[in-house]
Amino acid sequence: MDLSDIARKLGLSEHKLLVRKAAELRRLCDVQFDSSIISVGEVCKAVICLEIAATRFGEVIFDRQKAVKLSGMSEKAYNRSFNSLQNGLKIKTKLDIRELGIQFGCVRLIPFVKKSLSLYKDRFLVSLPSSRQASADFTRPVFTAVAFYLCAKKHKLKIDKVRLIEVCGTSESEFSCVSTSMKDLCHDVFGISSEKKDPKEVKGNRAFKLQASKENGESWL
């Protein structure tokens, strides 16, 4: 199936730059590695390249459910293939709060997640020495995913945690560590702890940074 045909079925044919970017990514896949080794067929590869391209264009809404169906794979297999292909292309996941809200049917959570994530960033920076504050990096998708999950729990909405972890391309252990850090620093937002904690005294961050270092071979900040 031609890439333009797949784009049309996903309602993306009007976004010419996006389709061009997807075509470029697919060519890159063919040059850099054999996608069949990671069990990604041609149609699935085209769909995934379109999704990756869509994430580069923040205003484009990508219908992942339709994409999974079009790929001919189960959602779990699609997520696994998506992460493998993205890693193979050395592209970092860019997780959009709005897309998560649409994908998991929790659009009303969007403003709460944005506010909570912003508050967490502020409090985390306060907990760091001034010399390290400028180098703090919150661009990794796990932060957005965890904030989304904790907000959902706060509002008593059921979210498939396993699916969320797969979507953001992280591990269970990293997700858990960030979750602990967020609950420690933002207990008042997520309603987890009844005891107030001073951000400067929270030690959970050390464990999280140590875990991230072990998994990624480098510090996350």
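Me: Which residues touch the most other members of the largest nonpolar core?

Reply: They are Y120, F143, F148, I159, L164 and M182, in a core of 35 residues. Helix 6, helix 7, helix 9, helix 10 (161-168) and helix 11 (172-185) each supply at least two of its residues. Helix 9 gives the largest share, 10 residues. A second, separate core has 30 residues, including L25, C29, I48 and A54. This is a predicted model: local features need pLDDT of at least 70, side-chain atom pairs count only at pLDDT 80 or more, and totals for chains, interfaces and linings use all residues. Residues are numbered from 1 along each chain as its sequence is written, and side-chain values use heavy atoms, without hydrogens and water.

Me: What makes a set of residues a nonpolar core?

Reply: Its members are buried Ala, Val, Leu, Ile, Met, Phe, Trp, Tyr and Cys residues joined through side-chain atoms within 4.5 Å.

Me: Why does F148 count as buried?

Reply: Its relative accessibility is 0%. Buried means under 20% relative accessible area, exposed over 50%, partly exposed in between (1.4 Å probe, protein chains only). So F148 is buried. Beyond neighbours within four places in sequence, F148 is in contact (heavy atoms within 4.5 Å) with L100, G101, F104, C106, L109, V113, I159 and L164.

Me: How many aromatic pairs does the structure hold, and why is the pair of F104 and F148 called tilted?

Reply: There are seven. In this one, the ring centres lie 5.8 Å apart and the planes stand at 55 degrees, so the pair is tilted. Rings of Phe, Tyr and Trp (its six-membered ring) pair if their centres lie within 6.5 Å; planes under 30 degrees apart are stacked, over 60 edge-to-face, the rest tilted. F104 sits in the loop between helix 6 (97-103) and helix 7 (110-127), and F148 in helix 9 (residues 141-154). They are 44 residues apart, and the pair links distant parts of the chain. F104, at 12% relative accessibility, is buried too.

Me: What kind of pair do F138 and F143 form, and why?

Reply: Their centres are 5.5 Å apart and their planes at 70 degrees, so the pair is edge-to-face. F138 is buried at 14%, and F143 at 1%. Y120, F124, F138 and F143 form one aromatic cluster.

Me: What lies over the face of F104?

Reply: R163 does, at 4.4 Å from the ring centre. A charge sits over a ring if NZ of Lys or CZ of Arg is within 6 Å of the centre and within 35 degrees of the ring normal. R64 lies over the face of F82 at 5.0 Å.

Me: How many helices and strands does the protein have?

Reply: It has 13 helices and zero strands. Helices (H or I, at least four residues) and strands (E, at least two) are DSSP runs, numbered from the N terminus. Of the 221 residues, 46% count as buried.
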